[in-house]
Amino acid sequence: MNTTNSFLTPIVQTMPPSGIRQFFNAAEADPEVISLGVGEPDFVTPKRAIEASARALESGRTMYTPNEGLMELREAIAEYLYSRFQLSYEPSREVLVTVGGSEAIDLALRALVSPGDEVIIPVPGYVAYAPLVSLNGGRPVELELTAEQDFKLTADALQQAITPRTKALVVNFPSNPTGAVMTAADWLPIARLAIQHNLVVISDEMYAELTYVGEHTSIASLPGMRDRTLVIGGFSKAFAMTGWRVGYLCGERELLKGMIKIHQYTALCAPIMGQIAAIECLRNGQEDKEAMKAAFDERRKMFVQGLNEIGLSCREPKGAFYAFPSIAVSGLSSQQFAERMLREAKVAAVPGHVFGLGGEGFIRCSYASSSAQLQEAVERIGRWLKSAELLSPVHAAFATEFSRACGSLSL
């Protein structure tokens with residue numbers, strides 16, 4: 001018997017490890033595997049940002065920053081949010097720089113959730129939300145989104161999930177893992193319900209800049225929503241800064257005060273070198289961001305086309321950098337499909353069930369990989385589906401045709 005295990009809280013003991021990391025680690029162990037698992041751009045951080053950070057470090061800027069972050073960065077974030085998404089925040093009191101978007105999510109939930117509070121989480125959704133709610137003694141309430149609704153949140157579904165104990169709603173659009181987006185028209189009835197039931201909305205907008213169809217709309221920009229919404233963003237996805245660990249949390253000043261207190265006692269401040277790089281990205285890195293977005297958009301179109309042609313039905317993701325194809329044709333569970341694809345096709349993706357209700361029957365594939373890798377991955381999956389006899393004859397014929405044509409695809 002492992003007596004030390006009893007030292008851990010019951011919540012931690014029963015908490016499952018990240019399903020995303022499980023397949024990422026397996027892919028890392030085999031150099032032949034093409035990984036479509038972890039959501040990380042294959043681009044390098046813009047050179048100008050690296051050089052700005054290096055200059056600052058060489059000049060001796062290696063110290064703590066204010067808990068809230070460098071004022072220059074907070075000002076740049078506020079200017080950016082206003083110019084891009086019509087969100088207005090006071091840099092000195094309503095913008096907090098965090099250790100990536102992950103810390104921002106944690107801070108928001110820690111400050112808001114008390115034992116017994118219910119937090120509605122639309123799913124399939126990012127794997128971190130529910131465990132963080134549980135760690136605070138709250139009850140995560142999964143609200144299933146469907147492919148038939150393009151994985152959008154609807155007012156009818158939300159209304160049915162709200163109870164007298166509902167405290168908050170967590171939303172993530174563009175969505176990880178589905179790539180779904182919400183328009184202003186989609187958000188309006190959601191906003192009305194949030195106001196009617198006095199809900200706080202935690203809006204994870206990490207993929208805001210990676211919106212390919214239409215323009216990103218933040219629910220915080222709608223009438224009556226600014227002071228009840230916490231907006232989370234960062235630099236990891238749009239500026240290829242995953243390892244720098246810089247995100248931000250914006251909201252009404254009294255709400256933000258609570259999160260700053262927790263931040264002071266835990267992370268203290270985000271790394272100064274990352275903050276300096278982020279300033280440079282916001283001030284001078286827009287062309288780099290747009291170039292990366294254009295590349296993702298091209299890969300999105302061709303990768304999804306390839307998946308459909310080899311027999312994996314996939315709706316068009318309108319944002320982020322994930323495809324969420326159905327694997328129902330195979331007759332396998334998402335876990336079985338992902339495990340066999342990893343072992344037999346040497347391609348790693350994440351089984352849909354790890355993203356909550358509605359994820360079973362799908363896999364998440366990141367197309368934030370190089371064009372060559374994406375092309376090879378689709379070809380491998382197509383050959384495997386055919387050889388393993390997981391497709392109908394019609395789909396198998398498509399897989400054969402795609403394999404022949406693969407050399408001409410410009411993913």
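Is Q86 buried or exposed? Q86 is exposed, with a relative accessible area of 55%, where exposed means over 50%, buried under 20% and partly exposed in between, judged with a 1.4 Å probe and protein chains only. This residue is found in the loop between α4 (71-85) and α5 (91-94), and its phi is near 60°, a positive value in a residue other than glycine.

Before going further, note that this is a predicted model, in which local features need pLDDT of at least 70 and side-chain atom pairs count only at pLDDT 80 or more, while totals for chains, interfaces and linings use all residues. Residues are numbered from 1 along each chain as its sequence is written, and side-chain values use heavy atoms, with hydrogens and water left out.

A positive phi near 60° is also found at D150, again a residue other than glycine. D150 sits in the loop between β4 (139-144) and α8 (155-161), and at 35% relative accessibility it counts as partly exposed.

Turning to the whole chain, the protein has 15 helices and 12 strands; these are DSSP runs numbered from the N terminus, with helices being H or I over at least four residues and strands being E over at least two. Of its 411 residues, 55% count as buried. A compact globule with 411 residues would have a radius of gyration near 22 Å, and the protein agrees with this at 22 Å; the radius is taken over C-alpha atoms, and the globule rule is 2.2 Å times the number of residues to the power 0.38.

The interior can be followed through its nonpolar cores, each a set of buried Ala, Val, Leu, Ile, Met, Phe, Trp, Tyr and Cys residues joined through side-chain atoms within 4.5 Å. The largest nonpolar core has 38 residues, and those with the most contacts inside it are F303, F321, F337, M341 and L385. At least two residues of this core come from each of α12 (286-309), β9 (322-323), α13 (334-345), β12 (363-366) and α14 (371-387), and the largest share, six residues, is supplied by α14. Leaving aside neighbours within four places in sequence, L385 is in contact (heavy atoms within 4.5 Å) with I310, L312, F337, L390 and L391. A second, separate core of 34 residues includes A76, A220, V231 and I272.

Finally, two loops hold cis peptide bonds. One joins V123 and P124, with omega about 10°, and P124 is found in the loop between β3 (118-123) and α7 (129-135). Another joins F173 and P174, with omega about -10°, and P174 lies in the loop between β5 (166-172) and α9 (184-196).
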